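Here is a short report on one protein chain. Keep the sequence and the 3D view open while reading.

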Amino acid sequence: MATLNVGGTRVAYRETGSGPPVVLLHGGGSSGAQWKAVCERLAPRYRTVTVDHYGHGGTDPWPGAPEARSHDAEAALVRAVIERLGEPVHLVGHSYGGGVAVRFALRHRESLRSLTLLEPIALSLLERAGERALAEGYRQFARAFIRDVAAGDVSGAWQRFLDGDGEPGGWAALTEAARAKFLGLTGAVVSCWYANLSDDTTLEECRTLTLPALLLYGERTRPHFRRIAELLAELLPAARLQVLPGAGHLSPLTHPALVAAALAPHLDAA
């Protein structure tokens with residue numbers, strides 16, 4: 001693991017393989033390690049770089065109030081890592097990291113060769129496209145986690161989160177060590193929820209992203225994630241949409257071979 005100081009924040013990232021650089025951004029409650037199996041499959045042809053978000057993995061906690069965290073602030077850390085690479089990159093973002101990737105692309109598109117968004121969280125797109133019921137369902141899911149944590153029911157918050165975004169019974173199936181790791185990320189994830197809820201990306205902004213883009217979602221994912229991916233595939237001029245058979249929201253962990261197989265031809269073409 002390498003580290004970089006960005007305005008007093010220690011940012012952790014990992015590099016494997018060689019070739020054109022691919023930067024991968026993880027989901028909330030995880031770390032760059034979620035991409036390990038995907039990176040192993042890409043490493044023979046690509047230099048993969050995974051970045052830990054604020055408060056995840058080896059990166060320092062978010063320094064401000066939880067309510068002030070944003071995808072744009074996270075994108076500033078990603079920019080610092082990419083600048084060290086010295087050339088344009090392929091950017092891949094999953095879930096929370098997908099929301100960050102959208103904001104990065106809007107501000108620093110000259111740094112990118114291509115964009116891949118795997119069930120990105122860009123909540124405002126649902127609302128702006130008239131999908132208010134789906135948007136409100138996500139808001140209720142996020143607010144429930146924040147409310148449960150504030151009430152002291154941290155384990156219950158994580159159980160509902162993992163069972164909702166992963167597989168029913170997922171929390172119960174974890175080892176004590178794995179549960180402890182999630183519990184230790186509670187503060188970081190609360191601030192991630194606030195960042196997701198404050199997203200203000202517009203439809204018009206997305207239409208300006210003309211770089212090659214791949215939108216992915218799992219066949220078994222939740223409706224709001226599927227619809228955000230579909231909307232972005234419609235909005236981005238050079239986008240392609242692909243479904244991952246049998247996968248849910250956590251496909252980089254549960255179906256890494258499928259994810260890598262979808263990524264490789266997109267990266268090659270771009």
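W193 touches Y138, F141, A142, F145, I146 and F161, leaving out residues up to four places away in sequence. Apart from the core around it lies another core, of 19 residues, with V22, L214, L216 and L263 among them. The largest nonpolar core has 65 residues, and V23, L115, F145 and W193 touch the most other members. The model is a predicted one.

**Overall build**

The protein chain comes to 13 helices and eight strands. Its radius of gyration is 17 Å, close to the 18 Å that the globule rule gives for 270 residues, so the chain is as compact as a globular protein of that length. Along the principal axes, the C-alpha atoms fill a box of roughly 50 × 40 × 35 Å. Buried residues account for 54% of the 270 residues. The chain exposes about 10,700 Å², and carbon and sulfur atoms supply 53% of that area. Take the contacts between residues at least 6 apart in sequence: 74% of them join residues at least 24 apart.

**The first hairpin**

Strand 1 (residues 2-6) pairs with strand 2 in the antiparallel sense, over five bridges. T3 stands opposite A12 in strand 2. Two residues lie between the strands of this hairpin, where G7 takes a positive phi near 60°. T9 belongs to strand 2 (residues 9-16). Is T9 buried or exposed? T9 is buried, because its relative accessible area is 8%, below the 20% cut-off. Leaving aside neighbours within four places in sequence, T9 is in contact with L4, Y54, T59 and D60.

**Helix 2**

Helix 2 covers residues 71-85. At 1.5 Å a residue, its 15 residues should span 21 Å, and the end C-alpha atoms are 21 Å apart, which agrees. Its buried residues are H71, E74, A75, L77, V78, A80, V81, I82 and L85. In an α-helix there are 3.6 residues a turn, so residues three or four places apart point the same way. Just after helix 2, G86 takes a positive phi of about 80°.

**Helix 9**

Y194 sits in helix 9 (residues 186-197). Y194 is partly exposed, with a relative accessible area of 24%. Its contacts include P66, E67, R69 and I146, not counting residues up to four places away in sequence. I146 is also touched by W193. P256 lies 62 residues from Y194 along the chain, and their C-alpha atoms are separated by 28 Å.

Most residues other than glycine have a negative phi. S95 has a positive phi near 55° and is not a glycine. E119 is not a glycine either, and its phi is positive, at about 50°. Where do these two residues lie? S95 is in the loop between strand 5 (89-94) and helix 3 (96-107). E119 is in the loop between strand 6 (112-118) and helix 4 (123-128). Both count as buried, as their relative accessible areas show.

| Residue | Relative accessible area | Class |
|---|---|---|
| T9 | 8% | buried |
| S95 | 7% | buried |
| E119 | 0% | buried |
| Y194 | 24% | partly exposed |

Technical notes. Residues numbered from 1 in each chain as written. Predicted model: local features only at pLDDT ≥ 70, side-chain atom pairs only at ≥ 80, totals over all residues. Heavy atoms only, no water. Core = buried A, V, L, I, M, F, W, Y, C linked by side-chain atoms within 4.5 Å. Buried < 20%, exposed > 50% of the residue type's maximum accessible area, 1.4 Å probe, protein only. Contact = heavy atoms within 4.5 Å. Helix = DSSP H or I, 4+ residues; strand = E, 2+ residues; numbered from the N terminus. Expected span 1.5 Å × (residues − 1). Rg over C-alpha atoms; globule rule 2.2 N^0.38 Å. Areas by Shrake-Rupley, 256 points an atom, 1.4 Å probe, with all protein chains shown as cover. Pairing = 2+ DSSP bridges.
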